[in-house]
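I opened this entry to record two packing arrangements. The sequence and structure are placed below for reference.

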Amino acid sequence: MALLTIRDALNEALREELKRDENVFIMGEEVAEYDGAYKVTRGLWKEFGGKRVVDTPITELGFAAVGVGAAMAGLRPVVEFMTWNFSILASDQIINHAAKMLYMSGGQFPVPIVFRGPNGSAFQVSSQHSHALEAMYSNFPGLKVVMPSTAADAKGLLKSAIRDNNPVIFMEQERMYGMKGEVPEEEDFTIPLGVADVKREGTDCTIVARSMTVPLALQAAEKIKEEFDVSCEVVDPRTIKPLDIDTIVGSVKKTNRLVIAEESHSFASVGAEIAYQVMDTVFDHLDAPVKRISTVEAPMPYAKNLEAAALPSVEKIVEAVKEVCYL
Amino acid sequence: MSKAATLTEGSANKIQNGSNGKTAENEHVVDLLTREKAEKEKVELAKAEYEARRASQIESIKRTDKKLLREMLYQMVLGRRFEEKCAEVYRMGKIGGFCHLYIGQEAIAIGAMMALEPSDMVITSYRDHVQAMVKGISPEAVLAELYGKIGGCVKGKGGSMHMFSKEHEFYGGHGIVGGQIGVGTGMAYAAKYRESGQVTLCFFGEAAVNQGIFHESLNMAQLWRLPVIYICENNNYGMGTSQERAMSTRNIAKKADAYEMANEFVDGMDVMAVRDAALRAIERARNESLPTLLEVRSYRYMGHSMSDPGNYRTREEIAKYQERDPIVLFKDSLKAAKVLSDKDFDAIEAEAVETVERAVKFAEESPFPPESELLTDVLV
């Protein structure tokens, strides 16, 4: 095991895949000579050169389209958005082209492309740089959506995403780039897409969390254990689409209670979908209504105190667990 | 740009600007007289242009292989008869949804695509039936697709707007105006990356030029020297809105100057002019890895789609363009150059009609896709 930041784990995944397959290339704004806006691509341009690591103009729709066309014609592009917020400019290419190409070509043109970058809030970057967009992209058949929360997951899932023959939405979190974790050093370590991970085992309440809310949920579980001797199980789906609902359902059957913690807004969210699927399959196992913690229904404010109030927190998750456990 | 091309641009301008006739009522008589004069001028101009076209076309025909010329005419006639059949069966309810026909624009697809190698790549908009067939998809598979049958080239999942063939390097008909301009740029990017030597031909209508993706794509293509040829099929109407009501400038080819990209204006009624311009652009792409923008001015005889009655233009306007019909012109030139005779034309016509009938039979007999197809091809 090696102790790596999520940033460096992602960097290792990219380096290994660039080495493994000459059809893999990285493109995006400031990914090459600048070493990446968040340094995820640090050193790669120097090591692999300008053919494999390509700086683009600030032209999100354009370079997303180049990625889609290149993928149709046999390459495996990894397209970086400086933040997923900017992907909205490129969403026509992601949604109308990448996601639908295989189907509308009757299976003839797969689009093996990864769109990646930081999703959700950062540190006081305000409304247009803080949106968590996974619910939107999860709504389109033809896309896979991946959201790692640890260094090991980041590395193993990114390598699998690059090898996948479908368009993959790979969402990182800027607040988490510096978080460290153990990463297996075995050669060619990968984690399959579509498999959830139980980040903490427990018996009394299930907390489903993803990306930024995973560390929050783990802290909340610890706090609840100390204060109330209630044992929480933290399940991280890791891949939002396809969703490993079986692992979530299995946990709920054991704990009979469910809290969902997510960074996105609540309306029509991934959490809403998980709550529905759990209700649909194991309604009789629930001892309390499902509770959800999301970002408030407002664009992200700038002021530090307001930003903190808008986002999910350890305290909010603790309160939700108390509620479903009738504490 | 050749002298002839400059002449065409000028005269086409006169034709198009003349059709603008909004005036107040008290100027009605003056307006009528002015319009009458303008109409006369236009007819004379069209006649003169037709003669000029024929002369230059004959020159070009003399330089071209006879077998290829016959095949070009055949593909044009087949495209025309095929689309006429589509209109017929659409009205019978055999085809659903949207159906955008290519009648009047045949010289563009045939002129440009028959200058390619089979391994070259093509991508286009939703007006894609003829491009699909010229690239090698059988008329049977195209028509069956229009019928929504399993024998269609994408198993009935795409319909009129989404013909594809991996085997024939046909990267599809696409339904978002301009979307394919970016995808085509990416295909050319891959060809350059892999040093495959392939050229990409990317078709779109003039209305797509107003989309951001056109400009983003041209910038990257020139910046990165991509082997792509952008072919703007200027049929003067984005659905029901004429170019003059939608674009601040008249000259689309010159927009490429903003990106320091090679560009040319081409008469889209002249299949040989299109072919010659395409050959120059293909050479530039293949040998110098440089992009080109071709503005090919054309006219669609039918509505935007089968549901468009075309109330925004007059029958006279359409008739004027039909006088310069690309198939009639090409036949006249081939005859004058003594390449083909009336007998050959009859044979070509009969062959095209027979092919279309065969396609109808195939489409009729092909079964609908089984429901098991519903959830396949969503993910690999």
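This is a predicted model: local features need pLDDT of at least 70, side-chain atom pairs count only at pLDDT 80 or more; totals for chains, interfaces and linings use all residues.

How are α3(A) and α8(B) oriented to each other, roughly parallel or roughly perpendicular?

Entry 1, the helix pair. I looked up helix α3, residues 60-72 of chain A, against helix α8, residues 212-223 of chain B, and found a packing angle of about 70°. Angles of 65 to 115 degrees count as roughly perpendicular, and α3(A) and α8(B) are therefore roughly perpendicular to each other. Their axes lie 8 Å apart. I recorded the crossing of α3(A) past α8(B) as right-handed.

I then listed the residues that make the contact. From α3(A) they are L61(A), G62(A), A65(A) and V66(A). From α8(B) they are G212(B), I213(B), E216(B), S217(B) and M220(B). By class, the contact of α3(A) with α8(B) comprises five nonpolar residues, three polar and one charged.

Entry 2, the domains of chain A. I found chain A divided into domain 1, spanning 2-183, and domain 2, spanning 197-324. I noted a separation of 26 Å between the C-alpha centres of domain 1 and domain 2 of chain A. To their contact, domain 1 of chain A gives 23 residues and domain 2 of chain A gives 22 residues.

Which elements supply at least two residues each to the side of domain 1 of chain A that touches domain 2 of chain A? I identified α5 (134-138), β6 (144-146) and α6 (151-163) of chain A. I classed the residues on that side of domain 1 of chain A as ten nonpolar, nine polar and four charged.

How values were computed
Residues are numbered from 1 along each chain as its sequence is written. Chains are lettered from A and ligands numbered from 1 in the order in which they are written. Axes are lines fitted to C-alpha atoms, for helices over the stretch in contact, and angles run from 0 to 180 degrees between N-to-C directions. Helices (H or I, at least four residues) and strands (E, at least two) are DSSP runs, numbered from the N terminus. Angles under 35 degrees count as roughly parallel, over 145 as roughly antiparallel, 65 to 115 as roughly perpendicular and the rest as oblique. A crossing is left-handed if the near helix is turned anticlockwise from the far one by less than a right angle, and right-handed if clockwise. Two residues are in contact if their C-beta atoms, placed from the backbone, lie within 7 Å. Ala, Val, Leu, Ile, Met, Phe, Trp, Tyr, Cys and Pro count as nonpolar, Asp, Glu, Lys and Arg as charged, and the others, Gly among them, as polar. Domain bounds come from an automatic or database domain assignment.
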